[in-house]
Each structure stands twice: as C-alpha cells, then as structure tokens.
Amino acid sequence: MKDKMVRITISGLPGAGKNTTSKFIAQKLRLEHYSVGDFRRDLAAKKGLTIHQLNKLGEKSIWSDKIADNWQKSLAKKDNFIIDFSVLMCKKVPHTHSFF
C-alpha cells in the first residue's frame with residue numbers, strides 16, 4: 001500500500017469502535033495510525049488533567065481544540081495514514097477518504 005497515497009478518516013460516536021477498526025485497517029494496509037482521542041488524552045496528561053477535566057475546560061475555552069486542530073492539520077503533510085476521531089473533522093485533513 002506504500003506505493004500510493006492513502007489517507008483515511010474514520011469518525012463516529014464515542015464507543016462505536018473507531019479506534020479498534022482503524023487500528024485493524026492500519027495493520028492490514030500497513031498505514032500509520034493516529035487517534036484524536038489518544039492525542040487529547042496525552043495532551044490532558046501533559047497538563048496534569050484527566051480527559052474529562054480537559055473536556056470540561058473545553059466547554060469554556062477552545063485552546064485544547066485549537067491544539068488538536070493544528071495537530072490534525074499537520075497530518076495533511078503526510079501520506080499513508082488512517083485517523084479516527086469522535087466528530088466529523090475530515091476537512092482538517094484534506095484529500096482523505098472519510099467514513100462515519
């Protein structure tokens with residue numbers, strides 16, 4: 001699969017199996033796997049917060065969303081990956097095949 005550019009986004013509701021599905025596909029197609037949920041959990045941990053605390057702060061301030069958005073936009077410079085997230089944000093990573 002490395003000879004062609006592949007970008008896949010998978011979105012869905014929390015607990016729908018996005019991460020499990022995207023990891024399976026990434027392994028089968030030999031793609032890099034990214035997860036916005038994993039990124040946000042890591043961000044929360046670096047700030048000394050739980051993911052629930054980070055999400056609660058996000059209700060009043062958009063700083064964590066901007067960090068995650070910029071990270072997703074940086075993926076636009078890469079090829080051959082799959083990314084999963086809870087809300088449909090495929091416009092953040094152009095030229096992707098998106099599934100919800």
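Rings of Phe, Tyr and Trp (its six-membered ring) count as a pair if their centres lie within 6.5 Å, with planes under 30 degrees apart called stacked, over 60 edge-to-face and the rest tilted. With that in hand, meet the aromatic cluster formed by Tyr34, Phe39, Trp71 and Phe81. This is a predicted model, where local features need pLDDT of at least 70, side-chain atom pairs count only at pLDDT 80 or more, and totals for chains, interfaces and linings use all residues. Residues are numbered from 1 along each chain as its sequence is written, and side-chain values use heavy atoms, leaving out hydrogens and water.

**Aromatic pairs**

- The whole structure holds 3 aromatic pairs.
- One of them is edge-to-face: Tyr34 and Phe81 sit 5.8 Å apart centre to centre, with 75° between the planes.
- Tyr34 belongs to strand 2 and Phe81 to strand 3, 47 residues apart (strands are DSSP runs of E, at least two residues; helices are runs of H or I, at least four; both are numbered from the N terminus).
- Tyr34 and Phe81 are both buried (under 20% relative accessible area; exposed is over 50%, partly exposed in between, with a 1.4 Å probe and protein chains only).
- Phe39 and Trp71 are stacked, at 4.4 Å centre to centre and 10° between the planes.
- Because Phe39 lies in helix 2 (residues 36–46) and Trp71 in helix 4, their pair ties together parts 32 residues apart in sequence.
- Trp71 is buried, at 19% relative accessible area.

**Positive phi outside glycine**

- Arg30 has a phi near 55°, in the loop between helix 1 (18–29) and strand 2 (32–35).
- Arg30 is exposed, with 57% relative accessible area.
- Asn80 has a phi near 60°, in the loop between helix 4 (63–74) and strand 3 (81–85).
- Asn80 counts as buried, at 12% relative accessibility.
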